[in-house]
Amino acid sequence: MGKFLIVGLGNVGSEYAATRHNIGFDVADYLAYKHAGNFKMERHALLAEMKYKGKILICIKPTTYMNLSGNAVKYWMDKEKIGIENILIVVDDLALPLNRLRLRASGSDAGHNGLKSVQEVLGTDAYPKLRFGIGNNFPKGMQVEFVLGKWQQEELPLVRLKIKKSVEVIESFVSTGIERTMNQYNKLEITL
């Protein structure tokens with residue numbers, strides 16, 4: 001039976017809830033909800049274990065804060081004996097428009113502190129990541145406020161749809177592999 005580590009990146013604390021930067025947590029929450037997983041506090045992370053099509057999904061929301069996410073990822077990879085090809089990091093991405101998702105088998109951290117931490121701890125950028133486009137609709141110099149800000153009311157229906165679509169991507173990644181999943185979802189424009 002295959003085992004997968006699904007990691008939703010975000011920051012713990014109510015002040016970060018429902019912000020663009022915490023979309024990884026939101027996707028992890030929906031994955032757990034859909035597959036009857038319950039998060040419980042474990043070492044470095046909130047963890048939920050689920051089954052999907054004969055596979056075991058270990059889903060974590062690191063409690064290390066974004067900048068130290070790599071510590072949680074490495075700890076749970078080692079503890080559960082999960083290979084790097086069977087991890088998937090879900091993360092917000094400024095470079096992608098709000099209507100896009102992008103799955104990659106490898107690639108740079110693109111300035112994202114959570115991915116930077118994972119890359120440093122794992123010693124490679126060759127690990128699967130699902131980038132959730134958050135757009136870049138902010139005035140010059142306001143990037144941090146935008147990323148840490150809450151979604152606009154008019155964005156929420158699309159965000160909710162994309163969270164569901166992200167879980168479909170995770171399910172496809174687990175059941176059919178990364179290549180087929182990339183071919184199916186990377187060109188998709190997600191609209192209401």
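**Close-up views of a predicted model**

By the ring-pairing rule used here, the count comes to 6 aromatic pairs. The structure shown is a predicted model, and the legends below take it region by region.

**View 1. Tyr 30 and Tyr 33 form a tilted aromatic pair.** The ring centres are 5.8 Å apart, with 35° between the planes. Both tyrosines belong to helix 1 (residues 23-34), where they sit 3 residues apart, about one turn of the helix. Tyr 30 is partly exposed, at a relative accessible area of 22%. Tyr 33 counts as exposed, because its relative accessibility of 63% is over 50%.

**View 2. Tyr 75 and Trp 76 form an edge-to-face aromatic pair.** Here the distance is 5.1 Å centre to centre and the angle between the planes is 85°. Tyr 75 counts as partly exposed, with 25% relative accessibility. Trp 76 counts as buried, with 2%.

**View 3. Helix 5 and helix 6 come within 7 Å of each other, axis to axis.** Two packed helices are described by the angle between their axes and the distance between the axes. The axes of helix 5 (residues 156-176) and helix 6 (residues 178-185) cross at roughly 150°. That angle is over 145°, so helix 5 is roughly antiparallel to helix 6. On the helix 5 side, the contact is made by Lys 165, Glu 168, Val 169, Ser 172, Phe 173 and Thr 176. Helix 6 contributes Ile 178, Arg 180, Thr 181, Gln 184 and Tyr 185. The residues of this contact divide into 4 nonpolar, 4 polar and 3 charged.

**View 4. The largest nonpolar core has 37 residues.** In soluble globular proteins, nonpolar side chains tend to be buried together. The residues with the most contacts inside this core are Ile 6, Val 27, Leu 31, Leu 130, Phe 132, Trp 151 and Ile 170. Helix 5 gives the most to the core, with 9 residues. Leaving aside neighbours within four places in sequence, Val 27 is in contact with Val 90, Phe 132, Ile 163, Ser 166, Val 167 and Ile 170. A second, separate core of 21 residues includes Ile 58, Val 73, Ile 82 and Ile 89.

**View 5. Val 91 is a buried residue of strand 5.** The strand covers residues 87-93, and the relative accessible area of Val 91 is 0%. Although Val 91 and Gly 10 are 81 residues apart along the chain, their C-alpha atoms are separated by 7.9 Å. With neighbours within four places in sequence left aside, Val 91 is in contact with Leu 9, Ile 23, His 112, Leu 115, Leu 130, Arg 131 and Phe 132.

**View 6. Ala 36 has a positive phi in a loop.** Most residues other than glycine have a negative phi. The phi of Ala 36 is about 55°, although this residue is not a glycine. Its loop lies between helix 1 and strand 2 (40-42). Ala 36 is exposed, with a relative accessible area of 67%.

**View 7. Lys 53 also has a positive phi.** The value is about 50°, and Lys 53 is not a glycine. Lys 53 lies in the loop between strand 3 (45-52) and strand 4 (55-62). At 60% relative accessibility, Lys 53 counts as exposed.

Technical notes. Residues numbered from 1 in each chain as written. Predicted model: local features only at pLDDT ≥ 70, side-chain atom pairs only at ≥ 80, totals over all residues. Heavy atoms only, no water. Axes fitted to C-alpha atoms, helices over the stretch in contact; angles between N-to-C directions. Helix = DSSP H or I, 4+ residues; strand = E, 2+ residues; numbered from the N terminus. Parallel < 35°, antiparallel > 145°, perpendicular 65-115°, else oblique. Contact = heavy atoms within 4.5 Å. Nonpolar A, V, L, I, M, F, W, Y, C, P; charged D, E, K, R; others polar. Core = buried A, V, L, I, M, F, W, Y, C linked by side-chain atoms within 4.5 Å. Buried < 20%, exposed > 50% of the residue type's maximum accessible area, 1.4 Å probe, protein only. Phe/Tyr/Trp six-rings, centres within 6.5 Å; stacked < 30°, edge-to-face > 60°.
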